[in-house]
Amino acid sequence: MTQIFDRIAIIGVGLIGASIARGAAEFGAAGSVALYDASEAARARLRELNIGEVFDDAQSAVANADLVVLATPVGAMGYALEAAAPGLKPGAIVTDVGSVKGAVINATSARVPAHAFHVPGHPIAGTEHSGPDAGFATLFKGRWHILTPLDDPRPEYAQAVDKLEAFWRALGANVERMDAERHDVVLAVVSHLPHLIAFNIVAMAEDLESVTESEVVKYSASGFRDFTRIAASDPTMWRDVFLNNREAVLEVLGRFSEDLAALQRAIRWGDGKTLYELFDRARRMRREVIEAGQDTAAPNWGREN
């Protein structure tokens, strides 16, 4: 175990925030953990869970913290940092876990005091569950964490980035650095659009008049079950993601719509060659995901049922 920070503070303690708190403690990455959540009920539950010292305001929570992690929904990060900023000590590192980087940087950069270091980031990890009880220490193990450092010329800034990278590696993550614009396009492809499709398919199935909702539930095949798992994700978080990454999502969605129209034509015209070639190409991508260690090839994807 290697302690990276003496004290960290987490603002917003749902699945990701609680997992950071648990991971930092279990792997010894931080000496102590301070927690704050805007929800009074969440703070009460956090006190019961005893995964860190809970505070009733953000400013008090970040006092004396070497690292401050913003783990609120994307749309609330600017406000969260504004509330916490007066308590930041000189040399504190401010990061976040938002799956959108451009909009978060725009909302937070001006609110980071000159005596602190702003290093945005995003752990590509999660489950369909939310809230303080959903967190677990190994959530980030073997997953990617993307850092999107800013153009800060201070020598100490480079040291802050290195230290934050060491923290995430201590939690088991693989770390890569990327510019914010590139990050937002990549995540639109691998995360945001798949979620949008899942939300839409599940809602469509509920609205179909040709089948009943009970039939949809009763006869759900594995593909539809996977969509429902994704669609069970926190609606507040995903609303903010789409509103704040709209340009990249719309760009990728446009390409997807064009390709979907081509598939529609292939089905209508009985063009089996086009269908087969696309399905075969997609199948190869699945093998590459497994070979990269991002999923398992176990039967039924490792599920027990």
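Which handedness, left-handed or right-handed, has the crossing of α7 and α9?

The model is predicted: local features need pLDDT of at least 70 and side-chain atom pairs count only at pLDDT 80 or more, whereas totals for chains, interfaces and linings use all residues. Residues are numbered from 1 along each chain as its sequence is written, and side-chain values use heavy atoms, with hydrogens and water left out.

**View 1. Packing of helix α7 against helix α9 (residues 222-231).** Helices are DSSP runs of H or I with at least four residues, numbered from the N terminus. The two axes lie 8 Å apart at an angle of about 110°; axes are lines fitted to C-alpha atoms over the stretch in contact, and angles run from 0 to 180 degrees between N-to-C directions. That makes α7 roughly perpendicular to α9, a class that covers 65 to 115 degrees (under 35 is roughly parallel, over 145 roughly antiparallel, the rest oblique). The crossing of α7 and α9 is left-handed, meaning that the near helix is turned anticlockwise from the far one by less than a right angle; clockwise is right-handed. In contact (heavy atoms within 4.5 Å), His195, Ile197, Ala198, Phe199, Ile201, Val202 and Ala205 of α7 meet Phe224, Phe227, Thr228, Ile230 and Ala231 of α9. The contact of α7 with α9 holds 10 nonpolar, 2 polar and no charged residues (nonpolar: Ala, Val, Leu, Ile, Met, Phe, Trp, Tyr, Cys and Pro; charged: Asp, Glu, Lys and Arg; polar: the others, Gly among them).

**View 2. Packing of helix α7 (residues 180-207) against helix α10 (residues 235-244).** The axes are 11 Å apart and meet at an angle of about 120°, so α7 and α10 are oblique to each other. Their crossing is left-handed. Ser191, His192, His195, Leu196 and Phe199 of α7 touch Trp238, Val241 and Phe242 of α10. By class, the residues of this contact are 5 nonpolar, 3 polar and no charged.

**View 3. Tryptophan 238 and phenylalanine 242 within helix α10.** These residues are 4 apart, about one turn of the helix. Rings of Phe, Tyr and Trp (its six-membered ring) pair if their centres lie within 6.5 Å, with planes under 30 degrees apart stacked, over 60 edge-to-face and the rest tilted. By this rule there are 6 aromatic pairs. The rings of tryptophan 238 and phenylalanine 242 have centres 5.8 Å apart and planes at 40°, so the pair is tilted.

**View 4. Packing of helix α7 against helix α11 (residues 246-268).** With axes 9 Å apart and an angle of about 65°, α7 and α11 are therefore roughly perpendicular to each other. The crossing of α7 and α11 is right-handed. Contributors include Asp184, Val185 and Ala188 of α7 and Val252, Leu253 and Phe256 of α11. The contact of α7 with α11 comprises 11 nonpolar, 1 polar and 1 charged residues.

Terms used
Helices (H or I, at least four residues) and strands (E, at least two) are DSSP runs, numbered from the N terminus.
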